[in-house]
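The following exercises are to be worked through with the sequence and the coordinates at hand. Each task is followed by a solution in steps.

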Amino acid sequence: MTSDPIRVLIAEDEALIRLDLKEMLEEEGYRVVAEVGDGQQAVDRAQELRPDLVILDIQMPVLDGLSAAEQIASARIAPVIVLTAFSQRELVERARDAGAMAYLVKPFSKNDLVPAIEVARGRFAEMTALDGEVRTLEERLETRKVVEQAKGRLMSEQGMSEAEAFRWIQRTAMNQRTSMKALAEEILAGGTTPEEAPA
């Protein structure tokens, strides 16, 4: 059974980079559902098409990529990857604060693109799963912080990857009929650990 290709929206004002990006994505089996040249179009098309992933350039006319990323991420439409021509620390931090799940520095290759997509989709799935548990923004941030710390502990003590640690927390919480936050607090208190690391 083949799963449906991941649907991607590209927002990049330079036509050549947009074309390159589209080719790279299509060679890797992704489906580009829209290509736009400014941030406002990116937000509008994302709301309309609900893609599985949005790739945004930071410097775009009308609405810059960071503002567009913020709107798309806060509406939980799709994971966002930002493209930047600079590896400037503060831009990367601003992108993260805007809700971007990963970033790529130009020029990038297919080898950079696919892992960034996987990371972005994994983080977005985690966030969505956590959001389902909590109601207020304050609670959401608190939960995310505790789960991040618990993941860190599992990664260092159990040698798990970030994704494995999150899946373990998610699965165990479901099995124990408790919230991920409560389980994460237990892990941090030293109460719960995986008997054997998951394969």
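**Exercise 1.** Which residues does Glu126 touch, not counting residues up to four places away in sequence?

*Solution.* The model is a predicted one. Begin with the location: Glu126 belongs to helix H5. Next, list the partners beyond the excluded stretch: Glu148, Lys151, Glu162 and Phe166. Finally, classify the residue: buried means under 20% relative accessible area. Glu126 has 10% relative accessibility and therefore counts as buried.

**Exercise 2.** Determine the strand order of the sheet and identify its edges.

*Solution.* Step one is the order: five strands make up an open sheet, arranged E2-E1-E3-E4-E5 with parallel pairing. Step two is the edges: strand E2 (31-36) and strand E5 (102-105) each pair on one side only. From one strand to the next, the twist averages 20 degrees.

**Exercise 3.** Why do the buried residues of helix H3 lie on the same side of H3?

*Solution.* First collect the buried residues of H3 (residues 65-74): Gly65, Leu66, Ala68, Ala69, Ile72 and Ala73. These residues span an arc of only 160 degrees around the axis, and they therefore fall on the same side of H3. The general principle is that an α-helix has 3.6 residues a turn, so residues three or four places apart point the same way. Then inspect the ends. Asp64 caps the N-terminal end of H3, with a side-chain oxygen 2.9 Å from the backbone nitrogen of Leu66. Following H3 comes Arg76, which has a positive phi near 55 degrees.

**Exercise 4.** Is Asp57 buried or exposed?

*Solution.* Locate the residue: Asp57 is part of strand E3. Its relative accessibility is 3%, so Asp57 counts as buried. Then list its contacts, leaving aside neighbours within four places in sequence: Ala11, Glu12, Asp13, Gly65, Leu83 and Lys106. Lastly, consult the record: an unreviewed UniProt entry lists Asp57 for "modified residue: 4-aspartylphosphate".

Methods. Residues numbered from 1 in each chain as written. Predicted model: local features only at pLDDT ≥ 70, side-chain atom pairs only at ≥ 80, totals over all residues. Heavy atoms only, no water. Pairing = 2+ DSSP bridges. Helix = DSSP H or I, 4+ residues; strand = E, 2+ residues; numbered from the N terminus. Axes fitted to C-alpha atoms, helices over the stretch in contact; angles between N-to-C directions. Buried < 20%, exposed > 50% of the residue type's maximum accessible area, 1.4 Å probe, protein only. Arc of directions from axis to C-beta. Polar contact = N/O pair within 3.5 Å; in protein donor to acceptor, adjacent residues only side chain to side chain. UniProt positions renumbered as here; feature names shortened; annotations may be inferred. Contact = heavy atoms within 4.5 Å.
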